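Q: Hi! I'd like to walk through a protein model with you, one bit at a time. Could you show it to me?

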Amino acid sequence: MSTPTLLIVDDEKPQREGLRAALEDRYDVYLAEDAKTAMEMLERDHYDVLLTDFRLPNEDGMNLIARAKSLSKPPVCILMTAYGSEELAVEAMKRGADDYIAKARLQIDELEMRIARALRKQNLEVENVTLRSQLDSRFGLEKVIGSSAAMKSVLDTVRQVAPARAPVLLQGESGTGKELIAKVIHQLSPRAQQPMVTVHCAALTPTLLESELFGHEKGAFTGAHERRIGRFEQAQGGTLFLDEIGEIDATVQIKLLRFLGERTYERVGSNKTLTADVRVVAATNKNLAELVKAGGFREDLFFRLRVVEIWLPPLRDRRDDIPLLAQTFLKEFATENGKLVQGFTNDARDLLQNYSWPGNVRDLRTAIEAAVVMSRGDKITARDLPTWVREGTSVVAVGSNRASPTNGLTVKEAERELIIRALKASDGNRKLAAEKLGMSRRTLHRKLHVYKLEDI
């Protein structure tokens, strides 16, 4: 198991440093001198344990504990004070403290015992919540909507591979539900009681991605003021989902390859070898095999990632699922917007069924949300649907019988024209344009530079 992280908050430097020296053999220790600094650290990174003095400048330790417990993933909180009393202990527990210890009789052995006991209690509570959630949601399978042959095949494979520890590579166009399938794999696996950590690889520069995945030591680079725990450590015992894996650079590819082969890695700025028990699930909207042939992705890493390979079908290849998906999204957005919309007219249903859906399920969801907002009665009509659905136009125009807008152009000219059309159709929203084109934002930004379209 990874080393638990401990944040010590005390305004007396000798006390802080003394506790660090006594506890750093068993914990990853971080220090703060006041509540403001501690809260900033807690909001930026997760810590397993908060050990705080009661008397702090400007704000006492009990207020800090109350704020820490309001976080989405709160730490175990232990309050220390030189002013021990039964009343203070009761108040500390009311404010969310997991335990309380007086400084005057503080013994390191007792403190370690109390920390370990509080962590065990918290882990049991998390396990109980997770198990209840699994039972209530039937392991998350009900979230995957679709009864088409294509989706049944995907789900059969998911059920088969979920119990294993082998890496899984999810491939398919943007918007086909790769992240949802990754979550189902995790929920169905023996790792379901442990964390599932997600990293969107294309959203970070290579340097930041390396630090995000593997962590860094204090002083490893400019701005590295404290040691940072990476996503591999955070996912200990669970699943690490690497979205848009095709965007990672050569340096990160090498380090990821090493982890998949040896289960070892190093933090940025450190020579200490660490290990982690983490299952890797990766996803991409690119064809990695083609990327390997083009020299943009390591062949050995590709083989390591695709021990199990699952292709998510585009929505145009599972049209039988469109009515069920549309009705599910309709119910969601009708409730969200306080509308009494209950179904679709025949004309609206035909438009949905015949549209090419270049953005796949995500594209359909957006269209239904817009239609619900524009609806005037108890059914979605053709005029409630977005213009691009009514007119049957799509940027990629996959499966369309319309004449191609790129006839007579070179491949590069055609690609440039498609990018321009996507940006115009998205009112300049580059994230939406990238989704319509089936590429990552990072790739779109690079192509905008190549084609000198930055000002669009």
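Q: Let's start with E244. How exposed is E244?
A: E244 has a relative accessible area of 21%, so it counts as partly exposed. The cut-offs are under 20% relative accessible area for buried, over 50% for exposed, and partly exposed in between, using a 1.4 Å probe and protein chains only.

Q: Before we go on, what kind of model is this?
A: This is a predicted model, where local features need pLDDT of at least 70 and side-chain atom pairs count only at pLDDT 80 or more, while totals for chains, interfaces and linings use all residues. Residues are numbered from 1 along each chain as its sequence is written, and side-chain values use heavy atoms, with hydrogens and water left out.

Q: Thanks! Back to E244: where is it found?
A: E244 is in the loop between β8 and α10. Helices (H or I, at least four residues) and strands (E, at least two) are DSSP runs, numbered from the N terminus.

Q: And what about phi of E244?
A: Phi of E244 is near 55°, a positive value in a residue other than glycine. Most residues other than glycine have a negative phi.

Q: What is phi of K452?
A: Phi of K452 is also positive, near 55°, and K452 is not a glycine. K452 lies in the segment after α19, and it counts as exposed because its relative accessibility is 68%.

Q: Let's zoom out. How many helices and strands are in the protein?
A: The protein has 19 helices and 14 strands. It has 456 residues, and 48% of them count as buried.

Q: How much accessible surface does the protein have?
A: About 22,800 Å², with 49% of that belonging to carbon and sulfur atoms. Those areas come from the Shrake-Rupley method with a 1.4 Å probe; for residues, only the protein chains shown count as cover.

Q: What share of contacts joins residues at least 24 apart in sequence?
A: Among contacts between residues at least 6 apart in sequence, 68% join residues at least 24 apart. A contact means heavy atoms within 4.5 Å.

Q: Now the inside. How many residues are in the largest nonpolar core?
A: It has 31 residues, and those with the most contacts inside it include L213, F232 and L240. A nonpolar core is a set of buried Ala, Val, Leu, Ile, Met, Phe, Trp, Tyr and Cys residues joined through side-chain atoms within 4.5 Å.

Q: Which elements give two or more residues to this core?
A: They are β7 (196-200), α8 (206-214), β8 (239-243), α10 (250-262), β11 (279-284), α11 (288-293) and α12 (299-305). The largest share, 5 residues, comes from α10.

Q: What does L213 touch?
A: Not counting residues up to four places away in sequence, L213 touches V199, G230, R231, F232, L240, L242 and V252. Apart from this core lies another one, of 25 residues, among them Y30, L42, Y47 and I65.

Q: Is S211 buried or exposed?
A: S211 is buried, with a relative accessible area of 4%. It is found in helix α8. Leaving out residues up to four places away in sequence, S211 touches H216, F221, R228, G230 and V268.

Q: And G215, where does that lie?
A: G215 lies in the loop between α8 and α9 (231-234). It is buried, with a relative accessible area of 0%. G215 and R267 are 52 residues apart in sequence, yet 4.9 Å apart in space, C-alpha to C-alpha.

Q: Changing topic: at what angle do α2 and α3 pack?
A: Helix α2 (residues 35-44) and helix α3 (residues 61-68) pack at about 15°, with their axes 10 Å apart. Axes are lines fitted to C-alpha atoms, for helices over the stretch in contact, and angles run from 0 to 180 degrees between N-to-C directions. So α2 and α3 are roughly parallel. The cut-offs are under 35 degrees for roughly parallel, over 145 for roughly antiparallel, 65 to 115 for roughly perpendicular, and oblique for the rest.

Q: Which residues make that contact?
A: A35, A38, M39 and L42 of α2 meet L64, R67 and A68 of α3.

Q: Last one: how do α18 and α19 cross?
A: The axes of helix α18 (residues 430-437) and helix α19 (residues 441-450) come within 9 Å and cross at roughly 100°. They are therefore roughly perpendicular to each other.
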